[in-house]
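Me: Could you walk me through reading a sheet and a helix in a model like this one?

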Amino acid sequence: AVAGIPTETNNHAVELVLAGLEMQKYMEERTQQLEEGEDIWRVRLGIHTGDLVAGIVGKVKFAYDVWGDSVNLAARMESTGEVGRVHISEITYELVKDFFECEKKAELVYAKNIGEVQTYFVLRIKPEYSEDEAGFVPNERFAQLKQEKFGS
């Protein structure tokens with residue numbers, strides 16, 4: 001998933017982390033509803049913020065695609081993350097740290113063409129900005145902070 005295209009937004013990192021938490025919550029709830037013997041689908045999510053290239057590829061069957069170092073780093077966040085957790089780069093962390101409780105990952109992540117990168121796991125929405133105890137539903141204060149910081 002990509003946020004902020006085709007129209008760039010100021011709050012894309014916050015919105016994407018919210019979406020990531022919502023996906024993880026859904027998968028956790030769905031797993032609890034499974035009958036014995038049903039396949040479990042586990043999800044790792046990686047998020048990075050940065051420039052990318054986007055366009056149409058193909059001559060007969062068209063597809064919209066994105067690529068570049070930012071896409072590669074987001075994929076690296078996913079592949080080095082943990083099942084059931086949202087894994088973000090330090091750049092994304094700096095954009096969302098006022099909204100979410102995060103945990104610094106002890107070891108650095110190596111990304112080709114980029115080098116070593118500090119990363120974080122998103123634990124939840126900060127309690128003062130969350131409507132639920134688990135920290136998955138933003139409250140009115142969350143919306144107000146988002147308005148103050150990003151104007152949207």
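Reply: Start with pairing: two strands pair if DSSP finds at least two bridges between them. Strands (E, at least two residues) and helices (H or I, at least four) are DSSP runs, numbered from the N terminus. This is a predicted model, where local features need pLDDT of at least 70 and side-chain atom pairs pLDDT 80 or more, while totals for chains, interfaces and linings use all residues. Residues are numbered from 1 along each chain as its sequence is written, and side-chain values use heavy atoms, leaving out hydrogens and water.

Me: Which residue in β8 does Val 86 stand opposite?

Reply: Val 86 faces Val 122 there. Strand β4 (residues 86–89) pairs with β8 in the antiparallel sense, over four bridges.

Me: In what order do the strands of the open sheet run?

Reply: The order is β1-β4-β8-β5, with mixed pairing. β1 (45–47) and β5 are at the edges with a single partner strand each, so one side of each has no neighbour in the sheet.

Me: Now the helix. Which residues of α4 are buried?

Reply: Buried means under 20% relative accessible area, exposed over 50%, partly exposed in between (1.4 Å probe, protein chains only). In α4 (residues 140–150), Phe 142, Leu 145, Lys 146 and Phe 150 are buried. They span an arc of only 100 degrees around the axis, taken from the directions from the helix axis to the C-beta atoms, which puts them on the same side of α4.

Me: What is on the other side of α4?

Reply: Glu 140 and Glu 148, both exposed. Just after α4, Gly 151 has a positive phi of about 75 degrees.
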